[in-house]
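Hi everyone, thanks for coming. Let me put the model on the screen, and then I'll walk you through how its pieces pack.

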Amino acid sequence: LRIIADVLDFSKIEAGRLELEDLPFSLRSLVEGAVDTLAVQAKRKGLYLFADPPGIGPDIVSGDPIRVRQILFNLVGNAIKFTERGYVRVICDTRATKDGRSVAVTLGVEDSGIGMTEDQIARLFQPFAQADSSTTRRYGGSGLGLSIVRRLAQMMGGDVTVESTPGR
């Protein structure tokens, strides 16, 4: 079902048919809810999953909470999937934009997982791509999740970046 949902989302994005909501929501509640939901999966692997409390910026933000949750679930889910031991940390921050008329949200995921090479990172956001040919067999997945995440972030005026070192 997850693969079918990813294909449908990807198709909607490609066709320009994915509409984003603009609703007020509690960023803290959204992050805490995502972490609580994914904690079972992390615990099953013996991982420590936690979220830093959001900074001093506003908690109520406006945007599409369903799509923000989708981004967070994908990023944290991948971190859990590719981390054998240690931790997965969710970082959340808000700050006023330079014009003072809106709030920028930064979500980060840090983990003690397997890490990636520069070549793997270069392919990471390509649709249907995996970090290497064994990834699909070993870890599963369609190769669409991160492509969708990046496009959703861009539709919201943001982006997704990666910093990684192989083995770390």
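**Helices on a sheet**

Let's start with helix 3, which lies across strand 2, strand 4 and strand 5 and runs at about 15° to strand 5. Contact here means heavy atoms within 4.5 Å; axes are lines fitted to C-alpha atoms, for helices over the stretch in contact, with angles from 0 to 180 degrees between N-to-C directions. Helices (H or I, at least four residues) and strands (E, at least two) are DSSP runs, numbered from the N terminus.

A word on provenance: this is a predicted model, where local features need pLDDT of at least 70, side-chain atom pairs count only at pLDDT 80 or more, and totals for chains, interfaces and linings use all residues. Residues are numbered from 1 along each chain as its sequence is written, and side-chain values use heavy atoms, leaving out hydrogens and water.

Now the sheet: three strands, open, in the order 2-4-5, with mixed pairing (two strands pair if DSSP finds at least two bridges between them). Strand 2 (48-51) and strand 5 (103-111) are at the edges with a single partner strand each, so one side of each has no neighbour in the sheet. Strand 4 and strand 5 run antiparallel, joined by nine bridges, and D93 sits opposite T106 in strand 5.

Back to helix 3 (residues 65-81): its axis comes within 10 Å of that of helix 6 (residues 145-155), crossing at roughly 140°. Among the residues making this contact are I71 and L75 of helix 3, and I148 and L152 of helix 6.

Finally, what does V76 touch, beyond its neighbours within four places in sequence? The partners are L38, L49, V88, V90 and V109.
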